[in-house]
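Here's a quick briefing to read with the model open beside you. Grab the viewer, and let's walk through it topic by topic.

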Amino acid sequence: MLWWCQLLAIASMEMSEPFWPLFLRQLSPESENIVIWSAVIYGAPLFVSGLVAPYWGALGDRYGHKKMVLRASLGLALTQGLLYFSSSLWEVLVYRLLQGALAGIITAVLCLANSLAPQESRSTVIGQLTSATAAGAIFGPLLGGILIQWLSFTALFGVASITCLIITVLLMWRVSSDDKDCNLVTKTFPLKLDEGMTVSRYTHLIWLFLSVIFLLQIAKSIPSSFFALYTEEYLVATPFFTGLLFSAAGVGMMFSAPYWGKCFDRLRSGNQPLLLALIASFASLCYLLHLQTEWLILLIVRFIWGLCLGAMLPMVQALMISMTEQRQQGLLIGRAQRTIKLGNLAGVSVGALILTYWDYEAGFSVAASVYLLCSLVLFITWDKLNRSSLPEASAEQ
């Protein structure tokens, strides 16, 4: 049930994701800074969500993660409904900020699944949820392109709002609660938001992994502010084909993430960062191959890039969780999600800045360089991890 609800929620959000520049240009055709507005409006919920994610995670640890899932899905329904009635760029910005404060469905579902899943299959569960996110990223842009081409931009928000309301009802009645475990935590431990990085003996490694997450998200998000414009200008793509190209990476993630999860559950913990470093290097090559004008080749390249995405971020999070006490894992997941959001925000901002002063080629080249830097940090993490006495629970299992 969590898998399907996450798929539908992500699909609802991703329907509009590739098309913000086109929607904002239609909403305000006289504006001369659509690229900047697109980056700001795209990044607004990421910034706010990044600030509040650890607090929602900590509240979930204390009062139950199911409540946080319901809050997130209802928040999405509300804000998408408000976007349906928006009539100016400033209104869109305000509603997107509100979305960032109230939503956070990925964080909430991941925390709930982590609290319910057996410890020995945690990477597999995270991989499966990643496949749900990827599936939503596939169907969302495709459905968004269809709705825009045959209806209107505002139809995206109406459909998303209704879908999220349905999700809230399904989650309320059909998903197990983790309140029992949280009652023990509530009675035993005070709510402290500053303990998440000190409860583990591997604090220095967790900081390195958070740095990796930040770099991964910067690299992933740099093209987000200009990808629709790039496909429209260089490939003469319709909204449907833009959605198809945008979704190709999601196809790769959907197929690969569960298999990567099973692989990492069996792999020795000390070797996981080294494999991730190799995958990040390959992702860098995929970005360089974006620089051509054959849409079929680009479709294949983005699918292969999606295979890499299915491993990198989910498995870094799974390794971090294995180093943290159960009572603080929701808070750590919240911190990881905050890093993801801030990385997305930084990537979109860098992408908009690059396009303002340079061109698309520079954007993809910088993103590829960030992946190489991430590979270097992962290699350093691998070295430090093997110098630490990390428990090999995964290998024994």
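What follows is a short tour, from the whole chain down to single residues.

The chain has 397 residues, and 59% of them count as buried. Its secondary structure comes to 17 helices and zero strands.

**How confident is the model?**

- Averaged over the chain, pLDDT is 78, and 86% of the residues reach at least 70.
- One stretch to treat with care is residues 183-200, where pLDDT stays under 50. The model has 34 contacts beyond four places in sequence for that stretch.
- Residues 390-397 also stay under 50 in pLDDT, and here the model has 14 contacts beyond four places in sequence.
- Where pLDDT is low, the predicted coordinates should not be read in detail.

**How does the chain fold back on itself?**

- Take the contacts in the chain with a separation of 6 or more: 86% of them come from residues 24 or more positions apart.
- A search of the whole structure for disulfides turns up zero.
- Are Cys111 and Cys374 buried or exposed? Cys111 has a relative accessible area of 4%, so it counts as buried. Cys374 is buried too, because its relative accessible area is 0%.

**What does helix α2 pack against?**

- Helix α2 covers residues 20-27, and its buried residues are Trp20, Pro21, Leu22, Phe23 and Leu24.
- Those buried residues pack against five helices you can look up in the viewer: α3 (34-63), α4 (65-84), α5 (89-102), α8 (154-174) and α11 (227-234).

- Ser12 is part of helix α1, which runs over residues 2-14. With a relative accessible area of 4%, Ser12 falls under the 20% cut-off, so it is buried.
- Gly140 sits 128 residues from Ser12 in sequence, yet their C-alpha atoms are 6.1 Å apart in space. Setting aside neighbours within four places in sequence, Ser12 is in contact with Ala160, Thr163 and Cys164.
- Gly75 belongs to helix α4. Its relative accessibility is 5%, which means Gly75 counts as buried. Between the C-alpha atoms of Gly75 and Leu98 there are 8.4 Å, although the two residues are 23 apart along the chain.
- Phe227 lies in helix α11. It counts as buried because its relative accessibility is 2%.
- Which residues does Phe227 contact, leaving aside its neighbours within four places in sequence? They are Thr242, Leu245, Phe246, His290, Arg302 and Phe364.
- Phe214 is in helix α10, residues 203-221.
- Not counting residues up to four places away in sequence, Phe214 touches Thr339, Leu342, Gly343 and Ala346. Ala336 is 122 residues from Phe214 in sequence, and the two C-alpha atoms are 8.8 Å apart.

**What about the empty space inside?**

- Rolling a probe the size of a water molecule over the atoms shows where empty space is left.
- How many cavities of 30 Å³ or more are there? The count comes to six.
- The largest cavity has a volume of about 1100 Å³. Its lining is made up of 47 residues, and the ones nearest its centre are Glu14, Ile106, Thr133, Lys220 and Asn344.
- Helix α14, residues 295-322, gives the most to that lining, with seven residues.
- By type, the lining of the largest cavity splits into 27 nonpolar, 14 polar and six charged residues.

Definitions and conventions:
Residues are numbered from 1 along each chain as its sequence is written. This is a predicted model: local features need pLDDT of at least 70, side-chain atom pairs count only at pLDDT 80 or more; totals for chains, interfaces and linings use all residues. Side-chain values use heavy atoms; hydrogens and water are left out. pLDDT is the predictor's confidence in each residue, from 0 to 100. Contact means heavy atoms within 4.5 Å. On a 1 Å grid over the protein atoms alone, a cavity is a set of points where a 1.4 Å probe fits but cannot get out, and a pocket is an open set with protein on both sides within 12 Å along at least five of seven lines; lining residues have an atom within 4 Å of a point. Grid points are joined across faces, edges and corners, and a volume is the space filled by probe spheres set on the points. Helices (H or I, at least four residues) and strands (E, at least two) are DSSP runs, numbered from the N terminus. Ala, Val, Leu, Ile, Met, Phe, Trp, Tyr, Cys and Pro count as nonpolar, Asp, Glu, Lys and Arg as charged, and the others, Gly among them, as polar. Buried means under 20% relative accessible area, exposed over 50%, partly exposed in between (1.4 Å probe, protein chains only). A disulfide is a pair of cysteine sulfur atoms within 2.5 Å.
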